[in-house]
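Please read them alongside the model.

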Amino acid sequence: MTETGLLRPGHYLFDPEGRLCHAAVFPDGAPGTDTTTVAGEHTAFDLSASLSSPSLLPDLHTLVQAVAQETDAQPRSVHLTDDLVATAYPVMWQQGKLVAVVVSPAAVSQPYYHPALAVLNISRSIHAGHTMTAIFETVAREAIKFLPFDRLSITLFRPDTNEVEIYALHDDGTSSVQAGSVVPGDNTVTAWVVRHGQPVVTPDIRQETRFMTYQDWTAQGYRSTLCHPLIVGGNVIGTLNFTSRTVNAYSDDTLRLVAPLAEQVAIAISNAQMQQRLRQESAACAASSKWPIRSSTISVWKVI
């Protein structure tokens, strides 16, 4: 951020009054993030650079307030200088509306920032109360814009039975398993990631002998994969998996793009599991109170 209060290229979150909440600034104007936090927080958007609140230019301040008051999710842009463009999007966070602002060089095309836009779109789907199926479809639609994959899946590990559940799957129909399938967890990449809490990037799965999972994937023509942990309440519950039929489709740098997507997926799964527990508890309460109510009714009729 310069002395004049202009924002550097990066991602920002403002409240409706134009106060800075979170930010991630590209060092030297290049893509990337650093690791400090604003007010000790780390958000699901991975916007984590520490900045003082800028004095917004009038045009940008007006834009932020206008986007905060709108009900649709259409982006709006304004030129900060001849070289910088700010694009604003409304986003819901913790039941309140914020405004996400992407500042980019005017000459850079918008696809350059697809990872940030993908996270925002997925977040909107979650906070709109969409089903897990619809959220996963949003993840697949957004991720393909900046990550190559022929198969995308969510797998959950069941430590009590040492099994892996295929929670969601998006592919061309050639997989040997389908969503909802449960397979043994022995020597699977999902079990390894859950137990170690670390992502796995495999440039060529034909050269990796640790995981039985890869034997099936090799037979189906897959050649490289990225498996990222899904963390809920501090616990690793499963993995978000990208698989490609191309060797070396993923690298360690790709992890920076996948991390915020995995956070959003974990939030969605946590919400879905909570809703399921609430439904089960509600049904159990209804079942336990049903018979006493009828008994009371019968007793009243007898008295009459």
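1. What percentage of the 304 residues of the protein chain count as buried? The figure is 45%, where buried means under 20% relative accessible area with a 1.4 Å probe, protein chains only. The chain exposes about 15500 Å², of which carbon and sulfur atoms supply 53%; areas come from the Shrake-Rupley method with a 1.4 Å probe.

2. On provenance: this is a predicted model, in which local features need pLDDT of at least 70 and side-chain atom pairs count only at pLDDT 80 or more, while totals for chains, interfaces and linings use all residues. Residues are numbered from 1 along each chain as its sequence is written, and side-chain values use heavy atoms, with hydrogens and water left out.

3. The secondary structure comprises six helices and 11 strands, taken as DSSP runs (helices H or I, at least four residues; strands E, at least two) and numbered from the N terminus. Of the contacts with a separation of 6 or more, 52% are between residues 24 or more positions apart; contact means heavy atoms within 4.5 Å.

4. An open antiparallel sheet has six strands in the order β8-β7-β6-β11-β10-β9, a pair requiring at least two DSSP bridges. Its edges are β8 (182–184) and β9 (200–202), each pairing on one side only. Neighbouring strands are turned by 25 degrees on average, direction ignored; axes are lines fitted to C-alpha atoms, for helices over the stretch in contact, and angles run from 0 to 180 degrees between N-to-C directions.

5. Within this sheet, β10 (residues 224–232) and β11 (residues 235–244) are joined by nine antiparallel bridges. Leu230 stands opposite Gly238 in β11.

6. Helix α3 (residues 132–143) packs on the sheet, where it touches β6, β7 and β11, and its direction makes about 135 degrees with that of β6.

7. Helix α4 (residues 189–196) lies across β6, β7, β9, β10 and β11, at about 135 degrees to β11.

8. Ser224 lies in β10 and counts as buried because its relative accessibility is 0%. Its side chain reaches the backbone oxygen of Thr246 at 2.5 Å. Leaving aside residues up to four places away in sequence, Ser224 touches several others, among them Thr202, Pro203, Phe242, Thr246 and Tyr250.

Conventions
Buried means under 20% relative accessible area, exposed over 50%, partly exposed in between (1.4 Å probe, protein chains only). A polar contact is a pair of N or O atoms within 3.5 Å; within protein, one must be able to donate a hydrogen and the other to accept it, and residues adjacent in sequence count only if both atoms are side-chain atoms.
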